[in-house]
Amino acid sequence: MQPDCKNINLIIDGVPVSVPEGTTILDAAKKVGVKIPTLCHHPDLKVRATCRICVVEIKGQRKYKTACSTEVWEGAEVITNSPGVQQARKMVLELILAEHPQACLGCLRNTKCELQALTAEMGVANKNRLKKTVKVLPLDDCNGAIVRDASKCIQCGRCTEMCQEVQTVGAITTANRSMSYDVTTAFGKKLRETTCVYCGQCTTVCPVGALYEHDDTEKVWAALADPNKHVIVQTAPSVRVAIGDEFGLPAGTFSEGHMVAALRRIGFDKVFDTNWSADVTIMEEGHELIHRLTNRGVLPMITSCSPGWIKFIETFYPDMLPHLSTAKSPQQMFGALVKTFYAEKAGIDPANIVSVSVMPCTAKKIEAARPEMNDSGYRDVDIVITTREFARMIRRKGLDFCALPEEHFDDPMGVASGAGVIFGTSGGVMEAALRTVYEVVTKKELHALDFKAVRGQQGMKTAEVDLDGTPVKVVVVNGLKNARKILNEIREGKADYQFVEVMCCPGGCVGGGGQPVGTVRKTKASRMEGLYTADHKMNIRQSHKNPAVISMYKDFLGEPLGEKAHHLLHTHYTPREQQ
Amino acid sequence: MPKSLNIVSANCGKVTPGNVEEYVRAGGYESLKKALSMQPRAIVDEVVASGLRGRGGAAFSTGSKWAHLLEVRENPKYIVCNADEGEPGTFKDKLLLEKDPLCVIEGMTIAGRVFDSHDGYIYIRGEYRSIQHSFQKAIDNAVAAGYLGNNILGSGFNFHLHIMTGAGAYVCGENSALLNSIEGKVGRPRIKPPHLAEVGLFQMPTLVNNVETFACIAPILRMGGEAFHAIGTAESGGTKLVCLSGHSARRGVYEVPFGVSLRDIIFDPELGGGIAGGKELKFFHLGGLSGSIGCPAQLDTPYSYECLVRTGLSVGSGAVVVADESVCVVDYLKGVLEFFLHESCGKCIPCQKGIRQMYTIICKLSEGKATQEDMCLLKELACMVTNVSFCGLGQTSARALMSAWKHFEPEFAAHLNKQCPAGVCKL
């Protein structure tokens, strides 16, 4: 609480309570142990108050007020659950249900649906007294990352808020009025034909099953069942602090050991770590930065690990593409190396390797499918599944996640540094890069490895690092609205940064579009904490000191930015039209 | 007490619309001259004293609105005139815009002077296309004559007026939706608070008043706030333009002092002149479709904000739709709900989906297919839509239904028994 912040005294359901000025009735009610139902409300999004299910009665006032949007005032007497309020809420819910398919059993969000939970809580049996009008709308499932089932949409507006205000992509919008009012894309086009960057943030805020990830788990099961295939898996840094959510562990629990065990039990032949290739990314990207700094290259250089961000800059700022690092993302570096370096080392025909990745991200599916991502001579990454799909596989396999004995990743692509693990949070790539760049440039040992200025959930974080007399200004942004801001500054010549980290999703990968449903700011903070703690506990916390990376360069790649590295680990970008 | 007056509509039909010279000769712009020499606070005091209440329908005290905005420190402030006259049965703003545009412009200019605002917007509904042209001419004339634009009457005060228009959505008459529409956004209402006086047009403090409200400003400054107030009743200062339509013998706009009876308005030979064709009055619908329906037993109620509210009626926009005995109340309500169904912006669940369900039931009733359970459901829906909807559109959409139900319960019951007493519904 800020020092100048006043406290407000009010009564909720007969219980006196004191809360800071500006608190909503919804939050104040939590303090007296009352959970007011909500649907359109989301703690991380602007209040819209359109579903009206959170109405409460105020003593002395004729009209009901929405708890999500109304701030408390001195002396207010709130009744959260009068018979009139209950009746109105039930009616609102009935109105929604009258236009909802209620096909719960076949829905991906079954048991994880807010509408379903609310219906159960409020005891609205299917009374059938209202006119049923369920629109049957075509399923948009052709893009390979995000599925939009408009028939299930309850028009809460969370996704439009996310897409327009937080990500400034504007692929999803509202159209028409009255009965034709619709949450849709421009002119009802398929997502593939819009500016959608596949960040998947809409899928994390959708309260029902109207927006969800393209499920690729069947492809994984099929590969695992094929005796001729050698199926390997890589797991992104942030998955290990998020997967536990799905199995009741406290938010941010570092469950790497359980996760690795689960993947082995599912049947993967090798369980590797994307953290390893994150270290490789730092080797390439760090050297690219040094090269640009010393050879008057295009500056600032901007990171390129976040595929939603890549699609964003390709679509909205194609003129800025030379700023992007040519280094591939850790997922794609891993993919290119698994079918070359690993195949050679293990003596396996790369044609028989199926490379699977577990990612916090829906855009990673699109990244793996980009036509140029076949530098190994094969598809570098064959199948991408999100944290949510991974959880589904664990359940289907019948594994008791928390009871599994903890196991370790396989060698050699399972050895990683602390720099690799923090890739999962906003600021992590920057911090990891600085830890390496400093030592490479100054040839001195870096003692203070923590760059705290670039940590946390703020949208924009800046820092200045002294590289032996050369000051380097860096900025870290997360969320595409902030990315847009920084790009505008760079374009207008108002930014004098040398290095920029951009993560598409607010908070970075810990808040990725493929993370468990229900991820909010608080969850992300716990996950960040989990990653930094893991980093802190590690002996090796700098990518260039990772022995598995050093030997890979020695035995296989040669030098960072060398010819082989250039061929396998770097890429190019494609300007796209804004349809 | 006279039953009709010419205070706000004094120039209508007497002065060539938009002709500055004639307008000035008729006493026009005297108030602006006066305002230029007055302190803003003093002008607001006059408006407060006048007892003027918003003529668009919400009837909020104009004085309080102005006084509140005067306290807001942020600049620039914008003056917006709501000329999106979309309430069915209402055409009094049309009269003012057509016949006396300069009076509206003068009112807005005075408001501009009060709030040191340099830009005003008048949002004229899309259907009033020709008025947009004539109003623009009036603006141009006022600018040419030095009453608008830069350095008004040599005072150093600048005020520019811009015409904006929508595409015919009723909900844009809701002030915050109207501002969204001016900004080029979709015309859907905003969440409040913040109030428009703090965060209005282009996120700046904004005054939004109705056409008739602005037209009252010049007369108020001319005659003094108290004198204006004295024309009406204790809580309803001044006069009101009422719009008689439907089965009225003399349909049109009349200016009446507050306090005349509904009977006077509908039956006085100088005003409504009774029911066309000598038929009996069955009901009247006050204030537009968002208002309540009244029955002949309420005819002696004085036409004022306070007296009407006590009998469950309201002044609203000033519409008085008169229906004779040939009208079936159920059939009429079907039309009312169809209107709201068409005009709901759709963004909130109760309004979008609730009105649709109400309309479904009223259709069933008019077809003789409704059951007692349907009627209970209808009541529940109406109650929920009224209490829970996001904006005034939904909150008032069931007002006609609920008031009519009270007065004409037997007629509703007859429809349940597959009978339409007026012989309108095909059962």
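The side chain of A:Thr204 reaches back to the backbone oxygen of A:Gln201, at 2.8 Å. Keep in mind that this is a predicted model. A:Thr204 belongs to helix H5 of chain A, which covers residues 201–205. Is A:Thr204 buried or exposed? Buried, because its relative accessible area is 8%, and the cut-off for buried is under 20%. What does A:Thr204 touch, once its neighbours within four places in sequence are set aside? The contacts are A:Arg388, A:Gly512, A:Gly513, A:Gln515 and A:Gly518.

Staying in chain A, next is A:Leu224. This residue is in helix H6. Again leaving out neighbours within four places, A:Leu224 is in contact with A:Val231, A:Ile266, A:Gly267, A:Phe268 and A:Met393. One distance for orientation. A:Leu224 and A:Thr184 are 40 residues apart along the chain, and their C-alpha atoms are separated by 37 Å.

Now the salt bridges. How many does the structure hold over all chains? The total is 64.

Pair one is A:Glu218 with A:Arg396. Their side chains meet at 2.8 Å, N to O. A:Glu218 sits in helix H6, residues 217–225, and A:Arg396 in helix H12, residues 387–396, so this pair ties together parts of chain A that are 178 residues apart in sequence. On accessibility, A:Glu218 has 48%, so it counts as partly exposed. A:Arg396 has 52%, so it counts as exposed. The cut-off for exposed is over 50%.

Pair two is A:Arg264 with A:Glu407, again a salt bridge at 2.8 Å, N to O. This one also links distant parts of the chain, 143 residues apart. A:Arg264 is in helix H7, residues 256–266 of chain A. A:Glu407 is in the loop between H12 and helix H13, the latter being 418–421. Both ends are partly exposed: A:Arg264 has a relative accessible area of 27%, and A:Glu407 has 25%.

B:Lys192 forms a salt bridge with B:Glu174, with the closest N and O atoms 3.0 Å apart. B:Lys192 lies in the loop between helix H8 (175–182) and strand S4 (206–210), while B:Glu174 lies in the loop between strand S3 (160–165) and H8, so the bridge ties together parts that are 18 residues apart in sequence. The lysine, B:Lys192, is partly exposed at 37%. The glutamate, B:Glu174, is buried at 18%.

Then the network, back in chain A. Which residues are joined by salt bridges that share partners? They are A:Glu431, A:Arg435, A:Asp450, A:Arg455, A:Asp535 and A:Arg541, in one network.

Next, the domains of chain B. There are domain 1 (20–231), domain 2 (240–324) and domain 3 (330–416). I will look at domain 1 against domain 3. Taken over C-alpha atoms, their centres are 35 Å apart. Eleven residues of domain 1 are in contact with eight residues of domain 3. Together the two domains bury about 780 Å², with 76% of that on carbon and sulfur atoms. Which residues of domain 1 lose the most area to domain 3? B:Tyr170, B:Arg188 and B:Pro189, together giving 59% of what that side buries.

What about polar features across this interface? Salt bridges between domain 1 and domain 3 of chain B: zero. Residue pairs in polar contact: two, both at pLDDT 80 or more. On the side of domain 1 that touches domain 3, the residues divide into six nonpolar, two polar and three charged.

Last stop, helix H18 of chain B, residues 409–416. Which of its residues are buried? B:Glu411, B:Phe412, B:Ala414, B:His415 and B:Leu416. What do these buried residues pack against? One strand is on the list, S7 (281–286) of chain B. The helices are H13 (329–343), H14 (349–366), H15 (372–388) and H17 (399–407), also of chain B. After H18 of chain B comes B:Lys418, with a positive phi near 60°.

In chain A, look at A:Glu218 with A:Arg396, then A:Arg264 with A:Glu407. In chain B, look at B:Lys192 with B:Glu174. Then turn to the interface of domain 1 and domain 3 of chain B, where the rule finds zero salt bridges and two residue pairs in polar contact.

Technical notes: Residues numbered from 1 in each chain as written. Chains lettered and ligands numbered in written order. Predicted model: local features only at pLDDT ≥ 70, side-chain atom pairs only at ≥ 80, totals over all residues. Heavy atoms only, no water. Helix = DSSP H or I, 4+ residues; strand = E, 2+ residues; numbered from the N terminus. Buried < 20%, exposed > 50% of the residue type's maximum accessible area, 1.4 Å probe, protein only. Polar contact = N/O pair within 3.5 Å; in protein donor to acceptor, adjacent residues only side chain to side chain. Contact = heavy atoms within 4.5 Å. Salt bridge = Lys/Arg side-chain N within 4 Å of Asp/Glu carboxyl O. Domains from an automatic or database assignment. Buried area = accessible area lost by both parts, 1.4 Å probe. Nonpolar A, V, L, I, M, F, W, Y, C, P; charged D, E, K, R; others polar.
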